[in-house]
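Please open the structure in your viewer and keep the sequence beside it, so that each selection can be followed in both places.

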Amino acid sequence: MNTATKKVFFSGETEARAVLAAANHFGVSTDLVVFDRVEKRHGFVKRRRVVIRVDPQEVGPRSEALEATEEATDSGDGEMGAESAPAGSDDAVAAAAEEVPPADTPAEEVDSPAEDPEEILEIAREALGQLLELADLEVSADMVLADGRLEGEIEGVDQELLVEDEGQVLLALQHLLPRVMFRELGRIVPCRLDSGGYQRRKEERLRGLARRVADEVVSRGGIRTLRPMNPADRRIVHLTLADDPDVETESQGNGYFKRVNIRSV
C-alpha cells in the first residue's frame, strides 16, 4: 500500500505570504513550515505568484497545550461553538508560541488583569505592523478595543491581496496577531480583522449554509456533514444553530480542520 503523503501547495504574491498561508493552514508558527519553492510559469496576462510545496509530515509539531485546549473547546462542555482558532507566529515570537492560548478564545474565558486599553491598542498596532511588514503589504489598520476584544479594519493599496484565495492572508494575520501581542501582555487578546467587509460576508454565507442544512435534516431526518472547516468557521456554524431545538451540531475529526455534523433530534 502506498503510504506517501500528498504534498500541499500554497501561493502568494511573495514567498512570505505563501508561508503565512501555509502556517495558517496547518495552525503552526511560520518557522515550523518546511517548504520547497516551486518554479511556475505564468501566461503574460497573469500576475506572477510565488508557489511553495509543503510536505505535511515535515511540518513541525503544534503545542500539546494548544491541542488539548482545542479538544476541550471543541467538545463544547455543553456549549457547541465555543471553539477557538489556533494561530501561528513569525520567527520573532516562536519561543512564546507554545504557551499561547487559541486566538479566538472568548474574552470571558481568559484570565485578564486590569490593563490600560490604550496600552493594549498600542501593542496591537505595533504587532500588526510587524506582521504587515513580514507580509510586505502596503495597508494600514484602524483598530478599536471593545469588551476585551480587538476589532480591526484593514485598508490600503494592497487591500485586495488580503482576501485572495479565500482570505488566506487576512485569516493568517488574524490568527498570528494575538501570538505576537502575547510577548508584551503575557496573555491572549481575542481579535477579529476584516477588510472591505470580507469577514462579514463570509460569516453571512456560513450562517446561511448552517440554516439551510438544518432545515434539510429536519425535513428529511438523518445527518449531514459539512466540508472541513477551520475552528473560527466551525464556531460560526455551531453558534448559528445553538438555539435551534430541532438540531444539534458536533465537530468530527482531529487536527485544525474538522467537519461539522448537523443532525435532527
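This is a predicted model: local features need pLDDT of at least 70, side-chain atom pairs count only at pLDDT 80 or more; totals for chains, interfaces and linings use all residues.

Colour by secondary structure, and you will find eight helices and nine strands in the protein. Of its 265 residues, 48% count as buried, while the accessible surface comes to about 13,600 Å², with 46% of that area belonging to carbon and sulfur atoms.

Next, select Asp116, Glu118, Glu119, Glu126 and Glu184, which together form a negative surface patch. Helix H4, residues 117-135, supplies the largest share of this patch, namely three residues. Now centre on Glu184, which lies in helix H6, residues 164-185. Is Glu184 buried or exposed? Its relative accessibility is 59%, and because the cut-off for exposed is over 50%, Glu184 counts as exposed.

Finally, select Ser264, which has its place in strand E9, residues 259-264. Ser264 counts as partly exposed because its relative accessibility is 26%, a value to be read against limits of 20% for buried and 50% for exposed. Which residues does Ser264 touch, leaving aside those up to four places away in sequence? Show Val217, Val218, Gly221, Gly222, Asp246 and Val247, and you have these partners on screen.

Technical notes
Residues are numbered from 1 along each chain as its sequence is written. Side-chain values use heavy atoms; hydrogens and water are left out. Helices (H or I, at least four residues) and strands (E, at least two) are DSSP runs, numbered from the N terminus. Buried means under 20% relative accessible area, exposed over 50%, partly exposed in between (1.4 Å probe, protein chains only). Contact means heavy atoms within 4.5 Å. Patches are made of residues with over 30% relative accessible area and no salt bridge: like charges are joined within 9 Å, nonpolar side chains (Val, Leu, Ile, Met, Phe, Trp, Tyr) within 5 Å. Accessible areas come from the Shrake-Rupley method with a 1.4 Å probe; for residues, only the protein chains shown count as cover. A salt bridge is a side-chain nitrogen of Lys or Arg within 4 Å of a carboxyl oxygen of Asp or Glu. Lys and Arg count as positive and Asp and Glu as negative; His and the chain ends are not counted. The place of a charge is taken as NZ of Lys, CZ of Arg, CG of Asp or CD of Glu.
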